Amino acid sequence: MLINFDPLRESENDRRSHPWKKTSYEERSGFYSNFIKNPELITEVLEDFKPHESQKAVQTFYEFIKWINGSASAFETNDCAMREGVINNVDSLFKYTHKIDGRVEFFLRDHPLNCNKDVITWIMRMSSFYLQVERPDFLNSFIDIQIAPTDFISLPADQREGYRIRLVFNTYGNGDSETWSALNTTFESIFKAIKRLNKALTEGSSPTFP
């Protein structure tokens with residue numbers, strides 16, 4: 001896959017607290033759900049994904065969200081989104097007829113670590129490496145790895161400013177079927193890459209490539 005990350009990206013407009021409540025806008029409004037405590041909500045409240053549950057890509061995404069918020073993971077999710085289905089592609093860089101895009105955001109459950117810029121930069125770098133080696137032959141998807149300011153309100157007021165990781169995915173194909181298939185490959189690759197990242201983090205194992 002094609003991967004980009006920029007730790008110096010200006011991101012102040014993306015600041016939010018964790019946990020957050022309901023969005024201020026009405027159309028396609030969202031709200032925070034704690035999937036660690038309530039995993040059964042995963043298939044119920046992700047309004048961008050639910051209309052497309054018949055697609056294998058969405059089922060793969062549900063499995064990823066269940067795992068990353070489960071007991072085997074050091075991470076948790078804060079937000080995710082997906083455009084309403086496949087649309088016509090107008091990105092001149094990619095010579096496909098259709099695309100679908102969205103994002104998933106996560107951070108470490110040990111919240112103070114998210115306030116350490118060195119830790120966050122390491123997570124960004126390793127996410128990039130693992131995503132690149134997972135499917136180097138797959139060029140239907142572009143993932144932008146971003147950090148976004150996050151106020152962890154469970155921490156003391158003078159220690160709560162940290163970051164969350166955002167994976168923004170843009171996936172391409174010729175026609176609906178190929179685009180959904182490419183999205184499934186994208187989600188499978190994200191799933192495997194973050195599992196490798198989790199293993200390196202929790203087991204202290206040295207990263208290896210490929």
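Mentor: A residue is called buried when its relative accessible area is under 20%. Keep that cut-off in hand, and keep in mind that this is a predicted model.

Trainee: Which residues in α3 are buried?

Mentor: In α3 the buried residues are I120, I123, M124, M126, S127, S128, Y130, L131 and E134.

Trainee: What covers the buried residues of α3?

Mentor: The cover includes the strands β1 (2-5), β3 (75-82), β5 (98-108), β6 (141-152) and β7 (161-173), along with the helix α4 (176-203).

Trainee: What caps the N-terminal end of α3?

Mentor: N116 does, with a side-chain oxygen 2.9 Å from the backbone nitrogen of D118.

Trainee: Let me try a single residue. Where is N78, in a strand or in a helix?

Mentor: N78 sits in strand β3.

Trainee: Is N78 buried or exposed?

Mentor: Compare its value with the cut-off, which is under 20% for buried. N78 has 4% relative accessibility, so it counts as buried.

Trainee: Which side chain makes a polar contact with the side chain of N78?

Mentor: The side chain of H18 does, at 2.9 Å. H18 has another feature to look at: the peptide bond between H18 and P19 is cis, with omega about -5°. P19 itself belongs to the loop between β2 (16-18) and α1 (42-45).

Trainee: Now a loop residue. Where is S73, and why is it classed as buried?

Mentor: S73 is in the loop between α2 and β3. It is classed as buried because its relative accessible area is 7%.

Trainee: Which residues is S73 in contact with, beyond its neighbours within four places in sequence?

Mentor: They are W67, I68, R109 and N198. The S73 side chain also reaches the backbone nitrogen of F75, at 2.9 Å. As for distance, S73 and N4 are 69 residues apart in sequence, and their C-alpha atoms are 24 Å apart in space.

Trainee: Stepping back to the whole chain, how many helices and strands are there?

Mentor: The protein chain has 4 helices and 7 strands. In sequence order they read β-β-α-α-β-β-β-α-β-β-α. The radius of gyration is 17 Å, close to the 17 Å given by the globule rule for 210 residues, so the chain is as compact as a globular protein of that length. Its C-alpha atoms fill a box of roughly 50 × 45 × 35 Å along the principal axes.

Trainee: What share of the 210 residues counts as buried?

Mentor: The share is 50%. Among contacts with a separation of 6 or more, 69% come from residues 24 or more positions apart. The chain exposes about 10,600 Å², and carbon and sulfur atoms supply 50% of that area.

Trainee: Where is pLDDT under 50?

Mentor: Over residues 23-29, for which the model has 8 contacts beyond four places in sequence. Where pLDDT is low, the predicted coordinates should not be read in detail. Confidence is highest in helix α2 (residues 56-68), at 98, and lowest in β2, at a mean of 87.

How values were computed: Residues are numbered from 1 along each chain as its sequence is written. This is a predicted model: local features need pLDDT of at least 70, side-chain atom pairs count only at pLDDT 80 or more; totals for chains, interfaces and linings use all residues. Side-chain values use heavy atoms; hydrogens and water are left out. Buried means under 20% relative accessible area, exposed over 50%, partly exposed in between (1.4 Å probe, protein chains only). Helices (H or I, at least four residues) and strands (E, at least two) are DSSP runs, numbered from the N terminus. Contact means heavy atoms within 4.5 Å. A polar contact is a pair of N or O atoms within 3.5 Å; within protein, one must be able to donate a hydrogen and the other to accept it, and residues adjacent in sequence count only if both atoms are side-chain atoms. The radius of gyration is taken over C-alpha atoms; the globule rule is 2.2 Å times the number of residues to the power 0.38. Accessible areas come from the Shrake-Rupley method with a 1.4 Å probe; for residues, only the protein chains shown count as cover. pLDDT is the predictor's confidence in each residue, from 0 to 100.
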